[in-house]
Amino acid sequence: MERIENLKNRILKSDKRAVSRAISIIENGNSVSEELLNSLYSNIGKAYRIGVTGPPGAGKSTLTNQMTQRYRAQGLKVGIIAVDPTSPFTGGALLGDRVRMNQVSNDDGVFIRSMATRGSLGGLSNKTVDAADVLDAANFDIIIFETVGVGQSELDIANAADTTLVVLVPESGDSVQAMKAGLMEIGDIFVMNKSDRPGADAAVTSLKTILTMKEKKPDDWETPIVKTVANSGDGIDELLNNISTHRQFLKLKNLFDEKRKEKLKTRVKEIIGLVLSAEIWNDKREQQLEASLNQALKGEISPYVVAKNIIFNYKKEITE
Ligand SMILES: Nc1nc2c(ncn2[C@@H]2O[C@H](COP(=O)(O)OP(=O)(O)OP(=O)(O)O)[C@@H](O)[C@H]2O)c(=O)[nH]1
Ligand SMILES: [Mg+2]
């Protein structure tokens with residue numbers, strides 16, 4: 001289609017308005033977005049993807065802002081995708097982030113976009129990764145995903161990132177909470193932000209103890225903890241050094257492609273799930289579901305049987 005060809009060419013020339021348009025198309029999730037992504041795919045794979053996650057208010061946006069300024073000073077272009085798992089609207093989150101990121105948001109080499117994910121059927125990781133692919137094709141060197149680690153979203157982010165940063169603060173018990181929330185598993189680098197506050201060293205020590213409990217083979221990545229004060233910039237250079245060490249580690253151990261392959265596999269499976277689900281749920285089967293609910297409610301048939309019947313109906317239809 002002419003329109004897609006045009007958009008694609010503008011994206012390849014790093015046109016930020018075209019990137020923005022493309023991400024809106026992805027958010028709407030129609031067939032145009034699929035066509036666009038197919039046409040861009042041969043141009044992606046160069047960008048390095050960093051996930052930033054952690055509890056609400058830990059300083060993720062402030063850190064992202066600082067990291068972005070340093071990458072810009074190295075001449076690298078940075079795309080930022082803020083994923084808000086709680087709000088169906090992006091307005092509020094974006095506004096907050098804009099305030100904290102105002103130093104970078106007017107820069108032509110920086111692209112910032114908020115994506116709301118609540119209610120987008122299983123598509124969070126998929127749509128954020130699609131958006132990142134667009135930024136990648138548009139020659140952004142670094143892509144940063146920011147999301148609050150409160151549920152599923154941080155796992156999606158970890159799956160989308162080459163290096164995942166888990167941001168914690170010295171508040172008592174925070175690291176224990178993080179362990180419970182499954183953040184320990186996904187962190188390649190831990191950031192103890194707000195280290196200007198009392199208790200930072202003790203928090204680092206207790207985090208270290210927790211991390212040593214993680215199962216590890218001798219050759220595995222040694223997960224570092226970096227102390228930062230995001231609003232003053234302390235520790236950010238060290239953080240960037242650690243990110244680049246992790247990147248080299250992945251390359252050296254041939255893990256880079258392996259990791260990306262693994263992510264690709266997850267992604268294809270997710271797409272298959274989404275496509276199949278969209279195919280299955282037409283009016284007819286919605287009605288079949290409605291018709292079975294009362295029976296299921298009375299305990300006459302189990303939800304598994306209802307589901308199997310619907311799938312059976314679908315299979316029958318496609319083989320006819
Ligand atoms: N004292 C201190 N305050 C900080 C530090 N880093 C960030 N802050 C402040 O903490 C508040 C929250 O920072 P944000 O960067 O918005 O945190 P966030 O993790 O992005 O927050 P959400 O996206 O809402 O989860 C802001 O008022 C920051 O100025 C720090 O190192 N020390
Ligand atoms: Mg934030």
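Which protein donors does the magnesium ion (ligand 2) have? They are Ser61, through OG, and Glu146, through OE, and they lie 2.1 to 2.2 Å from the ion. Donors here are N, O and S atoms within 2.8 Å of the metal (3.2 Å for Na, K and Ca); water is not among the atoms, so sites may look incomplete. Ser61 belongs to helix 4 and Glu146 to strand 4 (residues 142-148), so the pair ties together parts that are 85 residues apart in sequence. Both residues are buried, where buried means under 20% relative accessible area, exposed over 50%, and partly exposed in between (1.4 Å probe, protein chains only). Helices (H or I, at least four residues) and strands (E, at least two) are DSSP runs numbered from the N terminus.

The model is predicted: local features need pLDDT of at least 70, side-chain atom pairs count only at pLDDT 80 or more, and totals for chains, interfaces and linings use all residues. Residues are numbered from 1 along each chain as its sequence is written, chains are lettered from A and ligands numbered from 1 in the order in which they are written, and side-chain values use heavy atoms, with hydrogens and water left out.

**Salt bridges**

A salt bridge is a side-chain nitrogen of Lys or Arg within 4 Å of a carboxyl oxygen of Asp or Glu. The count by this rule is 17.

| Asp237 | Arg70 | 2.9 Å |

Arg72 is partly exposed, at 25% relative accessibility. The bridge between Glu317, in helix 15 (residues 303-319), and Lys284, in helix 14 (residues 283-297), joins parts 33 residues apart in sequence. Glu317 is partly exposed at 32%, and Lys284 is partly exposed at 45%. Salt bridges also link Arg49, Asp130, Asp133, Asp136 and Arg267 in a network.

**Nonpolar cores**

In soluble globular proteins, nonpolar side chains tend to be buried together. A nonpolar core is a set of buried Ala, Val, Leu, Ile, Met, Phe, Trp, Tyr and Cys residues joined through side-chain atoms within 4.5 Å. The largest nonpolar core has 30 residues, and Ile11, Ile81 and Val134 touch the most other members. Elements that each supply at least two of its residues include helix 1 (2-12), strand 2 (78-84) and helix 7 (124-137). A second, separate core has 27 residues, among them Val78, Ile189, Val191 and Phe249.

Contact means heavy atoms within 4.5 Å.

**A buried histidine**

Is His246 buried or exposed? His246 is buried, with a relative accessible area of 1%. This residue lies in helix 12. Not counting residues up to four places away in sequence, His246 touches Tyr48, Asp162, Thr163, Asp188, Ile189, Trp221 and Lys259. Of these, Ile189 is a member of the second core.
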